[in-house]
Amino acid sequence: MNPVKRSPLLLALFAVSTFASAAETTTTADARVAQHYAIGKISTPPGVDPQLGGLALLPDGRLAAAFHHGQVAFYDFKTLSWKIFAEGLHEPLGLLLSKDGSLLVMQRPELTRLRDTDGDGVADRYETLFDDFGMTGNYHEFAFGPVRGPNGKLYVSLNLASAGDTIREEIRGEWSPIGLPREKFYDVADWKKNSTEAGRMYGRVKWRGCIIEIDEASGAAQLFATGFRSPDGMGFDAAGNFFINDNQGDWRGTSPVHVVKRGAFYGHPASLVWRTDWDGSEPLKLPIEKLNALRTVAAINLPHSFYASSPTEMILIPQTPAWGSFGGQLIVGEMNSGRVLRLLPEQVDGVWQGACVSFLDSPALRGGIHRLLFVGDTLYLGRTHLIWAGGEGIGTVKLTKTPFEVLTMHATPHGFRFTFTAPLAAGAAELTRWPVRRYYYKYHEPYGSPQTELTQITPSKVTVSADGLSAEVQFADLKPGFIYDFNLKGLASTQGESPLNPAIAYSLNKVPTK
Amino acid sequence: MRFFHLIVLALTLTSSGIFAQTLPAPKAKAAPAKKPRSVKMFMRDGLRFEPPRFMAEPGEEIVVEIENNDSTDQTHNFVLLRPGTKDSVVQAALALVEKGPGLEYVPPSADVLVHSRLLTAEGSGSIKFTVPTTPGIYPYVCTFPGHGMIMYGALYAGVTPPPIEKDPNIPPMVAQGAVAGGGKRPFTQRIFMPDAGPAAVAIALVGSQNVCWDAGQCRLRYAWQGSFIDASENWAGNGKILPVLSTKPWWRAPKDVFPLRFGAADSAAPHVKFLGYAVTTLGPVFHYRAGETEVYEHVLPAVGRPGIALRLQIPRATGPVFYRAAADPNAQWTSSAGTWQDDVLTLTPAQAADVTLTLTSALCSP
């Protein structure tokens with residue numbers, strides 16, 4: 001942005017000329033997306049801040065949405081109008097229809113059951129289902145969820161506090177004595193220095209940085225997993241495996257997607273103090289080797305800024321004709337750009353790994369894609385931003401014509417097997433059409449990580465199936481522990497289309513033996 | 001990527017704060033410039049700028065990043081003006097008539113300091129400029145025909161703004177909306193509150209009283225009179241900035257003292273468990289367990305006197321119940337039942353089943 005020194009009138013004219021050229025790129029990209037997807041929007045309730053914390057579908061077919069200032073409102077698709085159901089909630093960041101017909105909402109301080117007992121269409125009971133967790137009043141202690149597992153249990157995730165601020169004088173819940181003494185948190189003049197000892201993100205009150213399992217009827221809760229930083233997205237694949245993503249930052253070289261199991265630790269050490277078997281040592285001071293041995297690595301890494309900078313809700317694409325061959329795949333939203341990713345996880349010899357690829361990527365989707373919900377054939381996108389990059393309002397997406405894309409990607413003993421939504425054109429076996437950047441992200445305390453040991457590689461052999469719908473890509477030295485980040489823009493379908501989203505990155509934790 | 005469709009306008013104001021038609025050639029700067037502060041500005045449904053006002057230092061370099069998020073597909077611009085010129089510039093924009101579209105409805109006027117392009121729905125852009133060095137209240141307005149009378153805001157440069165609900169420089173509807181609940185009473189808002197635990201509840205009672213109730217500690221914390229909380233800064237940020245009370249509380253509960261006791265007045269404070277609240281036309285009825293005892297606590301305006309009332313319903317007390325109202329020279333507690341001694345109210349189980357405590361003060365006005 002070069003300063004321009006002109007009169008207001010000339011400024012306006014100047015802007016016209018620069019706009020024309022800048023807009024062209026977008027128009028082209030959007031035109032391609034528009035050939036395959038219809039992107040639209042619905043209104044948000046009048047007078048309500050249009051930042052979304054939760055979306056859910058009601059049994060009567062209405063859409064329930066939770067908003068930043070604390071309202072929950074219902075949208076009637078027939079009348080295209082909103083009705084406020086509840087208000088005055090504290091930063092609601094998740095909605096789920098309960099088994100008993102009430103609506104569950106996760107607020108900063110608690111998981112709440114909203115009931116309309118007199119049938120007037122407005123909630124009159126705000127019942128606390130679960131609030132047995134700590135709060136320091138630090139702004140970063142967001143609370144996400146709930147999601148319901150195949151076992152019927154509810155799960156919520158509790159953010160760590162940020163060293164961007166200290167703690168409030170009055171806190172709620174048990175304080176862990178492990179780490180920087182509490183009085184140092186009140187030494188505000190020296191907070192910059194003290195905060196480095198507190199940890200870039202800290203979890204000194206109960207269950208911060210943890211995933212909590214809750215009984216839906218009684219509210220009884222227990223610790224489920226540790227090692228999280230800012231886990232906004234929780235979801236399940238078609239087989240019921242529990243996926244949770246997290247946000248790039250300290251101890252997060254890039255944003256990870258984990259497959260989460262009871263009792264396991266997923267890398268951010270702050271929450272280790274809340275494990276019942278913890279030995280009392282300061283997690284931040286443990287040697288990296290010890291933490292590395294304790295942790296379960298990410299199933300899928302979302303390369304920072306190239307794929308996602310701040311991943312959000314994860315849901316399954318419905319297996320309906322409307323979504324074609326993408327049905328049953330997991331998708332994840334992203335805050336910093338107008339993008340939704342597909343995740344292609346698989347288990348290889350007991351180890352989870354897999355690929356991420358853009359599903360939708362268009363400025364027309366805007367940023368801040370925080371909450372996702374399929375209703376009928378339409379994907380609804382609830383946006384937010386707070387003080388970060390993002391967007392506002394509720395967007396809609398429909399698939400109108402399946403684009404040429406990588407459909408699946410699997411690891412093989414010598415490389416990867418791809419399948420496509422349409423047959424590959426002749427020439428796809430040329431090795432130069434499959435360029436790969438291979439790298440990994442470091443597991444360490446600093447914020448983020450560079451792409452490490454980055455190498456540009458090409459396959460040693462590519463074999464395309466007779467029907468053109470799949471390809472085997474082999475490498476001379478297939479190394480585990482690396483991300484294989486392909487750019488397939490050189491491929492074409494028999495219709496002459498290049499992949500709509502040509503970049504796909506596979507996190508290879510384990511090379512299959514067969 | 002989304003910024004490919006941005007309209008980027010970059011310009012600098014002269015240090016006098018008045019946009020000159022002719023400006024000196026840019027001077028090469030030796031030191032790398034500090035990254036200007038970014039201010040997000042949203043255009044929203046109902047012809048509104050969000051935020052409706054913001055503060056800046058005179059002479060500060062800022063980038064206003066503007067997004068038109070109006071879901072009703074309205075076109076808007078952002079035009080920053082010299083103090084006191086809003087109405088005349090809006091009139092001048094209307095007077096452009098058929099010349100308007102060509103000028104994107106920005107009248108050629110020295111009162112226009114900086115402006116964005118016209119932004120269609122979902123369009124966005126940014127303007128970099130130096131805040132005038134002359135302290136003042138600089139209006140910003142949308143000059144699209146018909147919008148300017150409603151759609152405006154104020155940049156406070158080196159001037160402290162008044163409480164938002166009383167700010168004459170922002171639209172009256174917006175001023176009202178900046179107060180949580182938009183003036184509705186009763187209204188319950190869970191939010192971070194000053195001088196309370198992090199699981200706090202703010203309640204606007206019918207009338208002019210407001211209270212802070214602490215859901216973490218299951219007790220009343222303080223009461224103030226007048227306008228309800230201004231949560232606009234809390235909501236515009238990430239929750240770090242606490243809401244602002246319109247006046248100083250006229251009563252505060254002592255810190256760390258839970259008032260109810262069971263069995264004996266000097267028994268230990270029971271462990272409390274918050275269970276939620278019911279919404280009534282007279283405000284929320286909180287429900288919690290104190291020890292093993294269930295309590296319903298209805299916060300109400302006092303009847304016939306300025307102040308607040310607590311209707312306590314303890315349906316299954318097994319012995320005497322004590323309410324320890326801390327001594328406060330400015331506040332008087334009374335109750336519909338029970339006996340007072342040294343600021344402690346003693347209730348029989350039958351009285352505790354439904355009793356109303358009233359708190360009044362010379363510090364609050366009728």
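**The chains**

The model is predicted. The table sets out the two chains.

| Chain | Residues | Buried residues | Radius of gyration |
|---|---|---|---|
| A | 514 residues | 52% | 24 Å |
| B | 366 residues | 49% | 27 Å |

Chain A has four helices and 34 strands. Its C-alpha trace spans about 65 × 60 × 60 Å along the principal axes. A compact globule of 514 residues would have a radius of gyration near 24 Å, and the 24 Å of chain A agrees with that. Of the contacts in chain A between residues at least 6 apart in sequence, 59% join residues at least 24 apart.

Chain B has four helices and 25 strands. Why is chain B described as more spread out than a compact globule? The globule rule gives 21 Å for 366 residues, and the radius of gyration of chain B, 27 Å, is well over that. The C-alpha trace of chain B spans about 85 × 45 × 40 Å along its principal axes. Contacts in chain B with a separation of 6 or more come 61% from residues 24 or more positions apart.

**Two domains in chain B**

Chain B divides into domain 1, residues 2-178, and domain 2, residues 182-361. The C-alpha centres of domain 1 and domain 2 of chain B lie 44 Å apart. Seven residues from domain 1 of chain B and seven residues from domain 2 of chain B take part in the contact. On the domain 1 side, the touching residues are four nonpolar, two polar and one charged.

**The nonpolar core**

In soluble globular proteins, nonpolar side chains tend to be buried together. Here the largest nonpolar core has 235 residues. Those with the most contacts inside this core are A:V72, A:I212 and A:L341. Which strand of chain A gives the most to this core? Strand β23 of chain A, residues 351-361, does, with six residues. Domain 1 (2-178) and domain 2 (182-361) of chain B both give residues to this core, so the core lies between them.

A:L341 shows the surroundings of one core residue. Leaving out residues up to four places away in sequence, A:L341 touches A:L302, A:Y307, A:A308, A:I331, A:V332 and A:E334, among others. A:C356, A:V357, A:S358 and A:F359 are also among the residues that A:L341 touches.

**Helix α1 of chain B**

The buried residues of α1(B) are B:K86, B:V89, B:V90 and B:A93. They cover an arc of only 100° around the axis, which puts them on the same side of α1(B). An α-helix has 3.6 residues a turn, so residues three or four places apart point the same way.

Is B:Q91 buried or exposed? B:Q91 counts as exposed, because it has 11 C-beta neighbours inside 10 Å, and 12 or fewer makes a residue exposed. The C-alpha atoms of B:Q91 and B:M149 are separated by 9.5 Å. Along the chain, these two residues are 58 residues apart.

**Cis peptide bonds**

A cis peptide bond joins A:G145 and A:P146, with omega about -5°. A:P146 is in strand β10 of chain A, residues 143-148. In chain B, the peptide bond from B:E50 to B:P51 is cis, with omega near 5°. B:P51 lies in the loop between β3 (48-50) and β4 (53-56) of chain B.

**Positive phi values**

B:Y105 is a residue other than glycine with a positive phi, near 65°. B:Y105 is found in the loop between α1 and β7 of chain B. B:Y105 is buried, with 25 other C-beta atoms within 10 Å.

B:D195, also a residue other than glycine, has a positive phi near 55°. Where is B:D195 found? The loop between β11 (187-190) and β12 (200-204) of chain B holds B:D195. B:D195 is partly exposed, with 18 other C-beta atoms within 10 Å.

Definitions and conventions: Residues numbered from 1 in each chain as written. Chains lettered and ligands numbered in written order. Predicted model: local features only at pLDDT ≥ 70, side-chain atom pairs only at ≥ 80, totals over all residues. Helix = DSSP H or I, 4+ residues; strand = E, 2+ residues; numbered from the N terminus. Rg over C-alpha atoms; globule rule 2.2 N^0.38 Å. Buried ≥ 20, exposed ≤ 12 C-beta atoms within 10 Å, placed from the backbone. Contact = placed C-beta atoms within 7 Å. Domains from an automatic or database assignment. Nonpolar A, V, L, I, M, F, W, Y, C, P; charged D, E, K, R; others polar. Core = buried A, V, L, I, M, F, W, Y, C linked by C-beta atoms within 7 Å. Arc of directions from axis to C-beta.
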